[in-house]
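This report concerns a ligand site and a pair of helices in one model. Please consult the structure shown here while reading.

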Amino acid sequence: MPELVDRFGRRHTYLRISVTDRCNLRCLYCMPEEGMKFMDQDRLLSYAEIAEVVEAAAERGIRKLRITGGEPLIRPDLDRLIGRLASIDGIEEIALTTNGLLLAPQARKLKEAGLNRVNISLDTLDPARFRFIARRGNLEKVLEGVRAAAEAGLNPIKLNCVLLKGINEDEIETFLRMSVEQPLHIRFIEYMPIGHDDAGWRNHYLPLGRVLETARMKGYELEAASEAPEGSGPSENWRIRGAAGTFGLIHPISDHFCKNCNRLRLTADGHIKPCLYWMDELNVRPALGSREALDALLDRAMAIKPENHEMAALLAGEAQSHVPTERRMSQIGG
Ligand code: SAM
Ligand code: SF4
């Protein structure tokens, strides 16, 4: 079967699968505190339907999967889905992105089902600030999740930290020190205006150049981390000399990363999104039950995939060439 190569020669080997848009947190950069409308449960793809899409995609060269959400661990029996996906020919790696709240009791079971790696979102190490950013939940549970993931052998563990101007930028050094002391990979992420180009984004967006400035100001010697963990994707990776771990910068806005994009996204309600940023998406439901139709849909995704997002243009107040998505990050999966 032909591989998934788009008009710009980019080969697609990575599929991000959202299993729910619901979440037990309300992170201020991801969704509003009140009034978020969630999908009806009967609109979610079943595990069998997700597996059918993955079988078709794996035949076309998809090798790596990431399970995400909303919060994926609130979907019941996630280990059952992971076990099913791990048995599909061609799938080499399954990763999970989670807020970590429900991870501790499930880490071992997920690992045994076939999960290889985990990214845990952690924007602050201050309990009160955690409640301010996430608006719910509790930091200690997330840290328990990080420890349980390590004990279960879900290595390397990556921590996703969205940097927010005026909110957690003073913790850059704390996170850098964490990468020195522990074998963790800290991924600093730029705040993106996905589904919301609003004052919150404009006021709190922080270009990640600030991380390297902080590291240099503190006198850290930086080395390009050539041995960066598998699947670092668009991340620019660094190690502080002598550190146990590494850190990475995901800066889609200040230095966009579309040139090497190798990913497709499947939303919880069954839409393939060729690009995180734009509105274009393809409904898989009418194609389920027919491998030919699923193949045609994947070909179509390659045909309509745009060359790049335009978040920097948005920040500069310039005109956009397409229509941005109205989905929030929790409705896509990040
Ligand atoms: N609930 C899980 C979690 O938080 O890890 C998985 C879904 S969440 C949408 C996936 C990732 O997207 C998280 O690391 C989160 O921090 C990140 N994210 C959410 N909204 C974002 C935004 N507006 N800009 C940048 N990253 C964002
Ligand atoms: Fe939930 Fe993740 Fe969005 Fe936070 S970032 S509200 S944990 S989906």
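The model is predicted: local features need pLDDT of at least 70, side-chain atom pairs count only at pLDDT 80 or more, and totals for chains, interfaces and linings use all residues. Residues are numbered from 1 along each chain as its sequence is written, ligands are numbered from 1 in the order in which they are written, and side-chain values use heavy atoms, without hydrogens and water.

**Ligand site**

Ligand 1 is surrounded by 18 residues (a heavy atom within 4 Å), the closest being Tyr29, Gly70, Ser121, Asn160 and Met192.

| Residue and atom | Ligand 1 atom | Distance |
|---|---|---|
| Glu71, polar side-chain atom | nitrogen | 3.2 Å |
| Thr98, polar backbone atom | oxygen | 3.2 Å |
| Ser121, side-chain N or O atom | oxygen | 2.6 Å |

The protein buries 95% of the 550 Å² that ligand 1 exposes when taken alone (Shrake-Rupley method, 1.4 Å probe). Strand 3 (93-98), strand 5 (157-163) and strand 6 (185-190) each give two or more residues to the shell; strands are DSSP runs (E) of at least two residues, and helices (H or I) of at least four. The shell comprises seven nonpolar, nine polar and two charged residues, with Gly counted as polar.

**Helix pair**

The axes of helix 1 (residues 47-59) and helix 9 (residues 291-304) come within 10 Å and cross at roughly 65°; axes are lines fitted to C-alpha atoms over the stretch in contact, with angles running from 0 to 180 degrees between N-to-C directions. This crossing of helix 1 and helix 9 is right-handed (near helix turned clockwise from the far one by less than a right angle). Glu52, Val53, Glu55, Ala56, Ala57 and Glu59 of helix 1 meet Arg291, Leu294 and Leu298 of helix 9, with contact meaning heavy atoms within 4.5 Å. The contact residues divide into five nonpolar, no polar and four charged.

Technical notes:
A polar contact is a pair of N or O atoms within 3.5 Å; within protein, one must be able to donate a hydrogen and the other to accept it, and residues adjacent in sequence count only if both atoms are side-chain atoms.
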